Amino acid sequence: FNEIPTDYPVPGRTVVYDTSQAIDLESVPLHGGILLKTLVLSIDPYLRSRMRDMNIKSYMPAFQLGEPLQNFGVGVVVRSENPAFKAGEYVYGVLPFEEYSVHTQVEDLYKIENNHNLPLSAFVGTVGMPGQTAYCAWKEYAQAKKGEVAFITTGAGAVGSFVIQLAKRDGLKVIASAGSDEKVAFMKEIGADVAFNYKTTNTSQVLEKEGPIDVYWDNVGGEALEAALGAAAKNARFIECGMISQYNVKPYPVMNLMNIVGREIKIYGFIMLSLLPKYRDAFYAEVPALITSGELKLCKEDVSKGLESAGEAILAVQKGTNTGKSVIIVADQ
Ligand code: NDP
């Protein structure tokens, strides 16, 4: 991490690819820990929020200038001095953006004991942090009743595509939006009853025709949130998952806030890490099996190769030009 961005992160400046440091894999000291080879890294919207001044406090620490970025990833154990891990085992957790890394703190690294014949990249997508976000918060806050109407933004992404399918499984009518016609086609494929491109179709008009909405899953904030507030049913639940339209620009002044009072809207903001302990076991028991049985579709992937592609991949997610769950394949095995 090389420079704090003032708006959108700039590839090659915000993040630089540095090949100056190498470790000797045979002799690097492990201090009782494990040596991991990084295979897959996830690129997620929230990485932008960690590219800030260290003094600004938030739910996740700021990245340190001069240090590698970190995010959820999958690695394979190369050497181990910890009896709980063996060479060749696959591990999911927060990894530095490095080809190899030594971990002495292993409490938050999870072995992938059974890959259910899924690609390892699925474990940072629908079977990883974004999938857990969708699963935990839907179960915790949606209070879904058959026949209700849900509106889901960024519906072709890692979180949104899972939410669409959870809402359909609960018997709701699903309205979903995304930023390209290709994404609209995918949202229909996975079950959305009404899917539209918010760049070419007016969100308020769609919601007026297809709503009112009982559950709003907000991934974008800004104008979409304003439209959802305008189309909310009495006692609607708003699940405030993210506001990606606001991460790089001057905040949009959202109108329609008085509807929160008049329509008795319940607003739930959350950070998935707070919900995960409650749902983790159920998630891993249920979700991989649903995917292998074909009942739950993985979202499309947007794959970049090699650590040197990190800067471009991070920018693409912030700009919304990614075409699915953004992952970096750092090494094949
Ligand atoms: P996605 O894979 O959906 O990628 C980001 C997408 O955001 C883009 O593809 C783009 O889709 C959309 N986007 C980008 N810029 C804008 C914009 N200006 N206006 C509207 N949409 C935009 O990401 P995830 O599924 O990983 O994450 C979805 C949301 O969930 C994010 O807001 C993220 O911050 C949040 N999140 C929250 C968590 C929590 O604990 N609360 C945990 C994980 C994620 P499109 O083409 O549709 O515009």
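## Overall fold

The chain of this predicted model holds 8 helices and 13 strands; helices (H or I, at least four residues) and strands (E, at least two) are DSSP runs, numbered from the N terminus. The radius of gyration is 20 Å, close to the 20 Å given by the globule rule for 333 residues, so the chain is as compact as a globular protein of that length. This radius is taken over C-alpha atoms, and the globule rule is 2.2 Å times the number of residues to the power 0.38. Along its principal axes the C-alpha trace spans about 65 × 45 × 35 Å.

Of the 333 residues, 42% count as buried (20 or more other C-beta atoms within 10 Å of the residue's own; exposed means 12 or fewer, partly exposed in between; C-beta atoms are placed from the backbone). Among contacts between residues at least 6 apart in sequence, 66% join residues at least 24 apart. Two residues are in contact if their C-beta atoms, placed from the backbone, lie within 7 Å.

## Helix 4 and helix 5

Helix 4 (residues 203-210) and helix 5 (residues 222-230) pack at an angle of about 25°, with their axes 9 Å apart. Axes are lines fitted to C-alpha atoms, for helices over the stretch in contact, and angles run from 0 to 180 degrees between N-to-C directions. Helix 4 and helix 5 are therefore roughly parallel to each other (angles under 35 degrees; over 145 is roughly antiparallel, 65 to 115 roughly perpendicular and the rest oblique). Thr203, Ser204 and Leu207 of helix 4 meet Glu223, Ala224, Ala227, Ala228 and Gly230 of helix 5 in this contact.

## Surroundings of helix 5

The buried residues of helix 5 are Ala224, Leu225, Ala227, Ala228 and Leu229. These buried residues pack against helix 4, helix 6 (259-262), strand 6 (149-152), strand 7 (173-178), strand 9 (213-218) and strand 10 (232-240).

## Valine 28

Valine 28 lies in the segment before strand 1 (34-42). It counts as partly exposed, because it has 14 C-beta neighbours inside 10 Å. Not counting residues up to four places away in sequence, valine 28 touches Ile23, Leu35 and Val102. Valine 28 and glutamate 295 are 267 residues apart in sequence and 45 Å apart in space, C-alpha to C-alpha.

## Numbering and confidence

Residues are numbered from 1 along each chain as its sequence is written. In this predicted model, local features need pLDDT of at least 70 and side-chain atom pairs count only at pLDDT 80 or more, while totals for chains, interfaces and linings use all residues.
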